[in-house]
Amino acid sequence: MPRYQAPRGTRDLLPEERARLSRLEATAADLARRYGYPQIDTPLFEQTEVFERGVGAVTDIVEKELFRVSGGSGGEEERWALRPEATAGIVRAYIQHGMQTLAQPVRLSLVGEMFRYDRPQAGRYRQFRQWDVEAIGDAGPAIDAEILELAYRFYSDVGVMGVEAHLNSIGDRACRPAYVERLVDYFGKRESQLPGLERHRLRSNPLRLLDSKDPAMAGLIAAAPRITDHLCDACREHFDGLQAHLSALGLTFRLEPTLVRGLDYYTRTVFEFYVEGQHGQQDAVGSGGRYDGLVELLGGRPTPAIGFALGLDRVLLALADAGSTSTDARHPTAVVVGANPSDTATRLTVATQLRAAGLFVRAELASRKLSRQLEGAAREGSHFAIIVGDEFESGQVQLKDLQAGTQRLVNVADLARELERAEGSHRHGPAAGG
RNA sequence: GUGGCCUUAGCUCAACCGGCAGAGCAUCGGAUUGUGGCUCCGAAGGUUACGGGUUCAAGCCCCGUAGGCCACCCCA
């Protein structure tokens with residue numbers, strides 16, 4: 001067993017999986033461009049306070065999942081923390097760079113690593129990757145719909161099947177406190193029926209009682225007062241408007257009155273995307289919501305905003321589960337092999353020239369006999385083999401078509417052009433196996 | 001952070017009741033001179049995750065640690 005291995009909760013992305021991730025990132029980048037959400041990057045770590053205030057000090061993410069880092073040799077301990085999510089950092093950047101002076105809303109996106117120190121499981125890592133999209137400075141429900149539609153579009157474009165949005169409104173400062181009071185009153189009167197953990201929640205975070213998975217809670221939750229029955233007029237209007245927009249877009253969603261989020265900053269719109277059929281695995285592949293109070297909380301002017309984060313590692317899992325094992329195996333156009341096993345210099349020289357011409361060419365650098373070199377070239381799916389032999393002295397090589405089994409003498413000076421032509425016609429021909 | 005299951009070659013897995021640690025695939029080499037994916041032959045690859053304990057004897061039984069997975073917590 002290896003003495004060193006990747007730290008718990010982290011993993012190496014080997015070429016095949018890295019390629020699958022790159023496809024997701026390319027889709028995200030393309031959508032970000034077409035929807036007008038240019039990409040930005042923020043640091044992987046921030047002052048701890050940014051997350052404590054931004055995400056919420058009493059949330060699980062901050063209380064027990066924050067990766068705290070100390071700089072230098074002592075001192076300044078735990079002043080910073082690795083980002084557990086992207087929104088707080090983006091909002092910090094929005095404020096720091098005076099983006100409130102730009103045309104509102106400011107649309108931004110970010111692809112990158114997030115860190116949470118929790119117990120790993122399939123689809124749950126301590127270092128994971130998210131695509132995050134934010135629209136800061138627009139209060140209307142239309143932008144909520146745009147954001148949701150963008151997320152849906154991503155799942156659809158990359159080929160995740162069976163994604164469903166769970167949607168709710170959790171009110172705002174005007175109506176939520178009164179609702180929470182009502183909820184505490186309801187569960188308080190039935191405290192004797194609550195399991196121990198839930199009894200504790202009644203005091204620490206009563207909203208969370210609603211999404212308890214304890215079977216003993218099901219009946220109580222079903223009969224509990226619903227936030228959507230107690231929204232203020234403004235929140236009601238916003239929520240109705242959002243649903244109208246979604247319907248106009250032809251998007252389906254499931255109203256989930258018990259959906260609350262684990263982050264403090266959400267107001268009004270909250271949603272989570274679930275993919276069906278992730279047996280036992282983490283089936284939440286994305287989530288988001290409106291955070292109208294966050295900019296102000298981090299020191300900016302009162303600014304409405306909404307965004308979502310989408311778990312790329314989980315999308316990868318969902319795609320693997322769906323059986324879409326389209327490996328992105330890339331085969332070289334040609335492999336340069338040699339009749340003289342020890343003459344690696346000539347093979348490397350020929351390959352270098354072809355690469356300079358833009359071709360994907362591998363040189364066989366092992367000093368083994370020609371038949372082994374050809375075997376390797378054929379097995380990795382190369383279209384051509386270029387055989388360097390005695391003819392090289394007169395400026396020629398054998399160009400062997402490994403699929404057709406034919407070969408002919410070609411001047412080295414013409415090689416690049418010949419390969420380009422063949423590759424072009426090959427590309428337009430029947431798809432290569434792989 | 002709580003509870004449970006698991007860990008044998010690079011990968012997938014064998015190994016009877018505690019009795020010499022194996023196979024397939026992959027890798028490398030060979031099968032008469034410069035021609036390929038197949039076939040045949042061979043080699044290499046192991047402190048049985050790590051550290052203790054019980055025993056004449058431990059991959060197998062016991063304890064601890066690490067890692068993976070599952071269910072919670074919570075979420076991406």
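A residue counts as buried when its relative accessible area is under 20%, and as exposed when that value is over 50%. Please keep in mind that this is a predicted model.

**A buried glutamate**
- E46 has a relative accessibility of 6%, so it counts as buried.
- You will find E46 in strand β1, which covers residues 45-47.
- Apart from neighbours within four places in sequence, E46 is in contact with F51, R79, W80, A81, G89 and R92.

**Two packed helices**
- Two packed helices are described by the angle between their axes and by the distance between those axes.
- Helix α1 (residues 15-35) packs with helix α5 (residues 141-158) at an angle of about 140 degrees, and their axes are 10 Å apart.
- The two helices, α1 and α5, are therefore oblique to each other.
- The crossing in which α1 passes α5 is right-handed.
- On the α1 side, the contact is made by L24, T27, A28, L31, R34 and Y35, while α5 contributes E149, L150, R153, F154, D157 and V158.
- Sorted by class, the contact of α1 with α5 has seven nonpolar residues, four charged ones and one polar one.

**The domains**
- Chain A is assigned two stretches for domain 1, 15-175 and 231-321, and the stretch 334-428 for domain 2.
- Between the C-alpha centres of domain 1 and domain 2 there are 49 Å.

Technical notes:
Residues numbered from 1 in each chain as written. Chains lettered and ligands numbered in written order. Predicted model: local features only at pLDDT ≥ 70, side-chain atom pairs only at ≥ 80, totals over all residues. Heavy atoms only, no water. Axes fitted to C-alpha atoms, helices over the stretch in contact; angles between N-to-C directions. Helix = DSSP H or I, 4+ residues; strand = E, 2+ residues; numbered from the N terminus. Parallel < 35°, antiparallel > 145°, perpendicular 65-115°, else oblique. Left-handed = near helix turned anticlockwise from the far one by under 90°. Contact = heavy atoms within 4.5 Å. Nonpolar A, V, L, I, M, F, W, Y, C, P; charged D, E, K, R; others polar. Domains from an automatic or database assignment. Buried < 20%, exposed > 50% of the residue type's maximum accessible area, 1.4 Å probe, protein only.
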